[in-house]
Amino acid sequence: MLSIVGTIPDNAFPLIAGNITMEGEELCIHGRKIPVNRGTPALLAAAIMTGNMLDQPAPFVYLAGDIGLGNGSRQVYEYLTGHVGQSDANAITFHYLQPDVDWHNKIMFALDEMPKKPLLIADAGYMYAAKMSGQSEAYDLFTPDIGELAFLADEKAPHPFYTRGFILQEENRAPDLIARAYKYNNASRYLLVKGIKDYLADKRGILETIDYPIDDAMEAIGGTGDTLTGIASALIASGMKVSNSAFIAAKVNRLAGFYAKPTPATQVIEIIRQIPRAIKETLTKTKVIIGNEE
Amino acid sequence: MSFLGFLKPKKEKRPPVSGQDRGILVFENTSEVIRTESLLKAEGWKIRVMGPPPEIRSGCDLVIEFPLIEKLRILRTLNKAKIQPKEIVPVINPLLQPVDLFQIKDFGRYLMVRAANMKLTVEKDTRTIVNVSGGGCPDVPYLAKQMVGKTLSESPVPRDIGHTLCGYALQLAFEETTRICCL
């Protein structure tokens, strides 16, 4: 089963742990409705839709409201350190959380004590905390964009805001940035770099480049990275290899975007609606033969 | 690096930040840094928003670098405004410099401005914010919710409702977008 840890952009949203579903176009947990927009809600919607297509159980989530003060994130961190040990998740995805190295390390201790450590996926603020703590290698998948990849490649930067200028954040530098991130041990076992082209990489270098369908507008749409991480997470939790999951997720996300006929003004919910169709088509047509590591 | 620097009238000249005689003001969260920056810049202090040294870094931080010799006067200014720094420490090693480059992408009808890891997209004719993308701190989805669908002049300003480095980066993108759209 997939677990997802994140925040909801609403200060009044309480700490909640439980299974989450979708009703229409809203998320539903413990009788509460959550609108689907960019951030953790977009990741959740994409993961639920993907899981539904694969007959997977509803994800188990740890959520709290946080609008950037970090109070909700700290509630989630505290709860998780006390309860993650009882989880039967085979994959855990960490998402929009206030980066905090101390809490990150406490959670890592709790995960280390689990009888079978789940596969770990990180994106957004929690990926920043993982890198800053020097424990990126404990993760199975990070999903950075090119700016975040430059941050992973900069061994001194504690946040993308401080990536040094000589580390160029350009798409055509992706192979160098990936190599540098692995050189300084600041990358997870696999990287799925999202951008004009998506790159699947590991410490050996780029394994796959996914560049079809291509639409520049996707870069401007808030939440397309969240959906990518959500799709990959659900595929991983279904038992598919991490490398194959990342590869298929990139294809599905691009195809869902293509079907939404996006412009830079498109909202992510319009892309999420297309995920079932994109999954069906991708799984029918794609032979996955990348990884042999798991 | 300033939110308000070019908007504020010039006041009495204060001593510049120089050499090793610098200290940093450390705060609980980035919104307090932003508030302090606005206040001290408005009072004419030569301060800079920088990245914290590794020994006091917690995750998503900014600090304010100031001339150490002016510590008492600066503290008096902060006290009057009921702002209490968490810590005041001298600068020993070079501090991290925030990203200050912008990348502009023209989509024809739309324009996207990227500052660090944050991207803001507007419809050129109406100056309506149509998307906010990038970023990883929890105020980003909140900021997007508050800003998307509003024009640059109607929208809340990220420095007023954001709390993190991503919020700070979005402010820079917002200022640059406003500047370009006003040319």
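**Figure 1. Helix 1 of chain B and its span.** The 13 residues of helix 1 of chain B should span 18 Å at 1.5 Å a residue, and the end C-alpha atoms of this helix are 18 Å apart, which agrees. The expected span of a helix is taken as 1.5 Å times one less than its number of residues. Helices (H or I, at least four residues) and strands (E, at least two) are DSSP runs, numbered from the N terminus. The model is predicted: local features need pLDDT of at least 70, side-chain atom pairs count only at pLDDT 80 or more, and totals for chains, interfaces and linings use all residues. Residues are numbered from 1 along each chain as its sequence is written, while chains are lettered from A and ligands numbered from 1 in the order in which they are written. Gly44(B), with a positive phi near 90 degrees, follows helix 1 of chain B.

**Figure 2. The buried residues of helix 1 of chain B.** A residue is termed buried if 20 or more other C-beta atoms lie within 10 Å of its own, exposed if 12 or fewer, and partly exposed in between, with C-beta atoms placed from the backbone. The buried residues of helix 1 of chain B include Val33(B), Ile34(B), Glu37(B) and Leu40(B). Among the elements that cover the buried residues of this helix are strand 1, strand 2, strand 3 and helix 5 (165-181) of chain B. Helix 1 (residues 30-42) of chain B lies across strand 1 (22-26), strand 2 and strand 3 of chain B, at about 30 degrees to strand 3 of chain B. Axes are lines fitted to C-alpha atoms, for helices over the stretch in contact, and angles run from 0 to 180 degrees between N-to-C directions.

**Figure 3. The open sheet of chain B.** Four strands in the order 2-3-1-4 form an open sheet in chain B, with antiparallel pairing; two strands pair if DSSP finds at least two bridges between them. Strand 2 (48-50) and strand 4 (87-90) of chain B are the edge strands, each pairing on one side only. From one strand to the next, the twist averages 30 degrees. Three bridges join strand 2 of chain B to strand 3 (residues 63-67) of chain B in the antiparallel sense, and Arg48(B) stands opposite Glu65(B) in strand 3 of chain B.

**Figure 4. Val63(B) and its surroundings.** Val63(B) belongs to strand 3 of chain B and counts as buried because it has 27 C-beta neighbours inside 10 Å. Leaving aside neighbours within four places in sequence, the contacts of Val63(B) are Ile24(B), Leu25(B), Val26(B), Met50(B) and Pro52(B); two residues are in contact if their C-beta atoms, placed from the backbone, lie within 7 Å.

**Figure 5. The side of chain A that touches chain B.** Contacts link 42 residues of chain A with 39 residues of chain B. Helix 2 (71-83), helix 3 (101-112), helix 4 (124-132) and helix 5 (146-153) of chain A are the elements that give two or more residues to this side of chain A. Helix 4 of chain A gives the most, with six residues.

**Figure 6. Backbone details in chain A.** Ala124(A), in helix 4 of chain A, has a positive phi near 55 degrees although this residue is not a glycine. Ala124(A) counts as buried, with 32 C-beta neighbours inside 10 Å. Lys261(A), also not a glycine, has a positive phi of about 50 degrees and counts as exposed, with 11 C-beta neighbours inside 10 Å. A cis peptide bond, with omega about -10 degrees, joins Tyr212(A) and Pro213(A).
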